[in-house]
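Hello,

Here is the structure we spoke about, with the sequence alongside. My notes on what turned up in it follow below.

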Amino acid sequence: MRVADFGIARAGTSDITETGSVMGTAQYLSPEQAQGRPVDARSDLYSIGIVLYELLTGRVPFDAEAPVTVALMQVSEPPVPPDELNPAVPAGVAAVVMRALEKEPGRRFQSADEFSAALTTPQEEILPPPPPAPVEEVLEEEDRRSRRWWLWLLILLALAAIAFGLYQLLRPEPLTVPNVIGRESSTAAQILQNRGFEVDIVSVVNPDVPRDRVAAQDPRPNTEAPEGSAVTITVSSGPGEAVVPRVVGMPRDDAERQLREAGFEIEVERVFSDDVPSGRVVETSPPEGTTIERGSTVTLQVSRGPEQVEVPDVSGASEGNARSELEGAGLRAGEVTEEESAEEPGTVIEQSPAAGERVDRGSAVDLTVAAPTAVPDVVDLTEEEARAELEDAGFEVRVVEEDVTDPEQDGIVIEQNPPADEERRQGSRVTIVVGRVAEATPTPSPTTEP
């Protein structure tokens, strides 16, 4: 007596299991079950073929220590024909079994009825002729073989009927596949699992479907598929990624063209730059060389040239203060020239550009400052000569007289303040001391008393 295992079991009771999946004992698995592909009635006919093979030969066609090894053999190795293991098996029956054990479901019997019909009309036996024997032995052997053939046929028919009944009883009910196209992958998987399906996820780059959204499914929506079968959903990974090209320093038009060719959106921001000419790219955000998703926005910072600033009025300030004020406004002092002026020496008396004009940040402003004037040396000159020389130099003259006894110093400048060569602004006062010989007091002549 043999115990038949049809290879059909729920997860948790089999040699190979997967949570929520219909699997089976490895020795009776069909190739599609071993590969995790969808199964149908032809998978059960494959398992029935293994049972028939075991009944005819006393062993299963594939066996090994590890269930995974057996499953791999089911997928890739052909079985040894049963009549090679048991010469008593008719060639026609062996052919029926081998067809039931085809790897591809399309090459097997497509229904239990077809399988049963093949068993009831086996092919003509092609066996080597037996050695000569007495007529009585030949008749007896033919009678035994005839009885044995009908016994095998009855067993196979009974097994086929049992298999068909089990298939009708255990085959999964077809379910309507829900439409999950356009949903997020996690939501789509949950919907399919709640309806009784397994889920296979395939990720593809798709610029037309948002990231993590279902772009397609197989089987198609609203078709029927067996309960527990796998539904493959194709999930978009978005448009893919690309590297921000190197465009710093390029003209704006060239930079925009390269960014569009790389698959990015563009936003332009105009910025001032002291170093990059107007109309060229200062920098990008994200920085060039960064890997980001296609379709993302890259901000181009395009130079407007140096920033324009207003020139402050530094007239009347000292040269040092003027320099500080210009630097605070983003400018710098340019060429400084001196010019005679009534202003204090070093005072700004003129500037270029003029106050109030707008110029590029960092531009130079030229300054004209009052030049210091050296006081001429007028000592030993006459008062008139000294006065003329000082006034010609731009100074105001103050004269102070001092009595002298030397007639040669009469009318001559004997001292000056400020002293010679000391620098003073034009219009300042120079005091000169002019010598004066005192006039002699006349001696009164004696008078005669009458």
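**The pairing of β20 and its sheet**

β20 and strand β22, which covers residues 429-437, run antiparallel to each other and are joined over four bridges. Within this pairing, Val-413 lies opposite Val-434 of β22. Please keep in mind that the model is predicted.

The two strands belong to an open sheet of three strands, in the order β19-β22-β20, and the pairing in the sheet is mixed. The edges are taken by β19 (396-404) and β20 (413-417); each has a single partner strand, so one side of each has no neighbour in the sheet. On average, neighbouring strands of this sheet are turned by 25 degrees against each other, with direction ignored.

**The protein as a whole**

The protein has eleven helices and 22 strands. Of its 450 residues, 35% are buried. The accessible surface is about 26,100 Å², and carbon and sulfur atoms account for 48% of that surface. If you take the contacts between residues at least 6 apart in sequence, 66% of them join residues that are at least 24 apart.

**The aromatic pair**

How many aromatic pairs does a search of the whole structure find? The search returns one. The pair is formed by Phe-109 and Phe-115, and it is stacked, with 4.9 Å from centre to centre and 10 degrees between the planes. Those two values are quoted because a pair of aromatic rings is described by the distance of the centres and the angle of the planes.

Are the two partners buried or exposed? Phe-109 has a relative accessible area of 3%, and therefore counts as buried, the cut-off being under 20%. Phe-115 is also at 3% relative accessibility and is buried.

Where is Phe-109 in the chain? Phe-109 sits in the loop between α5 (91-100) and α6 (112-120). Leaving out residues up to four places away in sequence, Phe-109 touches Arg-42, Leu-45, Val-96, Arg-99, Ala-100, Glu-114, Phe-115 and Ala-118. One of these contacts, Arg-99, is ten residues from Phe-109 in sequence. In space, the C-alpha atoms of Phe-109 and Arg-99 are 7.1 Å apart.

Best regards

How values were computed: Residues are numbered from 1 along each chain as its sequence is written. This is a predicted model: local features need pLDDT of at least 70, side-chain atom pairs count only at pLDDT 80 or more; totals for chains, interfaces and linings use all residues. Side-chain values use heavy atoms; hydrogens and water are left out. Two strands pair if DSSP finds at least two bridges between them. Axes are lines fitted to C-alpha atoms, for helices over the stretch in contact, and angles run from 0 to 180 degrees between N-to-C directions. Buried means under 20% relative accessible area, exposed over 50%, partly exposed in between (1.4 Å probe, protein chains only). Contact means heavy atoms within 4.5 Å. Accessible areas come from the Shrake-Rupley method with a 1.4 Å probe; for residues, only the protein chains shown count as cover. Rings of Phe, Tyr and Trp (its six-membered ring) pair if their centres lie within 6.5 Å; planes under 30 degrees apart count as stacked, over 60 as edge-to-face and the rest as tilted.
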